[in-house]
Amino acid sequence: MNSVGIDISKGRSTVAVMRPFGEVVISPFEVRHTDSELSELARRLKSLDGETRVVMEATGNYHAPVAWLLHDAGLYVSVVNAKLVHGYGNNDLRHVKTDRKDAVKLANYGLDRWLTLPRYVPEEDTRLLLKSCYRQYRQYSKVQTVLKNNLISLLDTTFPNANRLFNSPVRADGSEKWVDFVAEFWHCGCVCERSEKAFLNKYQRWCRKNGYNFSEEKALYIYSEAGGHIGVMPKSETTKLLVEQAVSQLRATSAALATLRQEMQSLASQLPEYPVVMEMFGVGPALGPQLMAEIGDVRRFYSKKALVAYAGIDAPPNDSGDVTGRRKNMSKVGASSLRRTLFLVMSVYLQTAPLDEPVYQFMDRKRAEGKPYRVYMMASANKFLRIYYATVKTYLDTLEQI
């Protein structure tokens, strides 16, 4: 049995091959992440006598080309969580940290866990693209929040509370009415320096140009609000430039989010579990693709408990001797993106209060017991995940039998 430990870095890796009782088959050496060098590595490993298994840490995207090529070459590849390997074998007084030492440590870890090493299986192209789209969607969402807060902060010095003048929903293309409004009326002086009639005419033309419904009552309200505020920054070309730039960046980010949202919906609709997931309460065109992106194929989890643990919302036992732990916290060792999506789904349950839904009934019972907000929200998410696992797995198994 040959245990191959690969310490992954960006663009290169360190490889070591060990056998039981500390026998060094191949001393640590470096391999670049090129097709020629990785193919040569695969041929060299396949030429070893006995069964060979490759162990590497999950390191974002760096390990993906190595794991994919070695798996495609027919080798047994196992990608393990870095936290499992981090403290393994650290029984030396001197702490040594080098790529060569890490490669040997991974090889020894593979020997100790030989029978329980999980086999790496590449994701389907559709699921991989969906997950990548969602990760980009999350990044752009954070940027959008920053840009929106920046624009609101800037408007507090030019047109205070302009972002609260409208409550229209976000359009499919990502545009928002208040953002379009401040792009045209970037200073309160742009409104109150005109006569009431002149502003009504201009506002009506603006609504027609941008496809919004005109309301004279709303226009009069905006006019009175603008007259009651003081713009700290002067009405100048520099001020206009600052607002226009902030609006331009926010619009670009919102448009990118809308495009990603549509692409996620298109990719999710190609997955076999799409119809049954979209029928679940609390899951819509936005949250449904997010759930499918983060969970992936539920059949890769051996049980519903494994899925709950993957999300990091399980509460491991905390007992010792005669002491039984009663206060148990979530492990939070899992996919934080999935926990965020589950929290949004639970928020839908909380806002709509569907009395005939088992998840909401469970949530309501926990609330009646006086449980804190975070406790009954995540406990309900736990129950939702168990229902998700059972529903989707049964549906996929049925499709396979047909």
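This is a predicted model: local features need pLDDT of at least 70, side-chain atom pairs count only at pLDDT 80 or more; totals for chains, interfaces and linings use all residues.
Phe159, Phe166, Phe181, Phe185, Phe199, Tyr203, Trp206, Tyr212, Phe214 and Tyr223 together make up one aromatic cluster.

**Aromatic pairs and charges over rings**

Two ring pairs can be described in detail. The ring centres of Tyr203 and Phe214 are 5.9 Å apart and the planes meet at 50°, so this pair counts as tilted. The pair links distant parts of the chain, since Tyr203 belongs to helix H8 (residues 196-210) whereas Phe214 is in the loop between H8 and helix H9 (216-227), 11 residues apart. Tyr203 is buried, with a relative accessible area of 0%, while Phe214 is partly exposed, with a relative accessible area of 32%. For Trp206 and Tyr212 the ring centres are 5.4 Å apart and the planes are at 20°, so this pair is stacked; both Trp206 and Tyr212 are buried.

| Ring pair | Distance between centres | Angle between planes | Class |
|---|---|---|---|
| Tyr203 and Phe214 | 5.9 Å | 50° | tilted |
| Trp206 and Tyr212 | 5.4 Å | 20° | stacked |

Tyr76 leads on to strand E5 (residues 76-80), which is mostly covered, five of its five residues being buried. In a regular strand, side chains alternate between the two faces of the sheet. Both faces of E5 are covered, with Tyr76, Ser78 and Val80 buried on one side and Val77 and Val79 buried on the other. E5 pairs with strand E4 (residues 52-57) in the parallel sense over five bridges, and within this pairing the residue opposite Val79 of E5 is Met56. From E4 the chain passes through helix H2 (residues 64-72) to reach E5, a β-α-β crossover that is right-handed.

In soluble globular proteins, nonpolar side chains tend to be buried together. The largest nonpolar core here has 46 residues, of which Leu291, Ile295, Leu342, Met346, Phe384 and Tyr388 touch the most other members. Several helices each supply at least two residues of this core, among them helix H5 (125-155), helix H10 (237-268), helix H12 (287-295) and helix H14 (336-352). Helix H16 gives the most to this core, with 10 residues. When neighbours within four places in sequence are left aside, Phe384 is in contact with Met280, Phe281, Val283, Leu291, Leu342, Val345, Met346, Tyr349 and Val359. A second, separate core holds 31 residues, including Phe199, Ala219, Tyr223 and Ala226.

**Positive phi values in loops**

Most residues other than glycine have a negative phi. Asn161 has a phi near 65°, a positive value in a residue other than glycine, and is located in the loop between H5 and helix H6 (177-184). With a relative accessible area of 29%, Asn161 is partly exposed. Ala353 likewise has a positive phi, near 50°, in a residue other than glycine, and lies in the loop between H14 and H15. Ala353 is partly exposed, with a relative accessible area of 29%.

Key. Residues are numbered from 1 along each chain as its sequence is written. Side-chain values use heavy atoms; hydrogens and water are left out. Buried means under 20% relative accessible area, exposed over 50%, partly exposed in between (1.4 Å probe, protein chains only). Helices (H or I, at least four residues) and strands (E, at least two) are DSSP runs, numbered from the N terminus. Two strands pair if DSSP finds at least two bridges between them. A crossover is right-handed if, with the strands pointing away from the viewer, the path from the first strand over the helix to the second runs clockwise. A nonpolar core is a set of buried Ala, Val, Leu, Ile, Met, Phe, Trp, Tyr and Cys residues joined through side-chain atoms within 4.5 Å. Contact means heavy atoms within 4.5 Å. Rings of Phe, Tyr and Trp (its six-membered ring) pair if their centres lie within 6.5 Å; planes under 30 degrees apart count as stacked, over 60 as edge-to-face and the rest as tilted.
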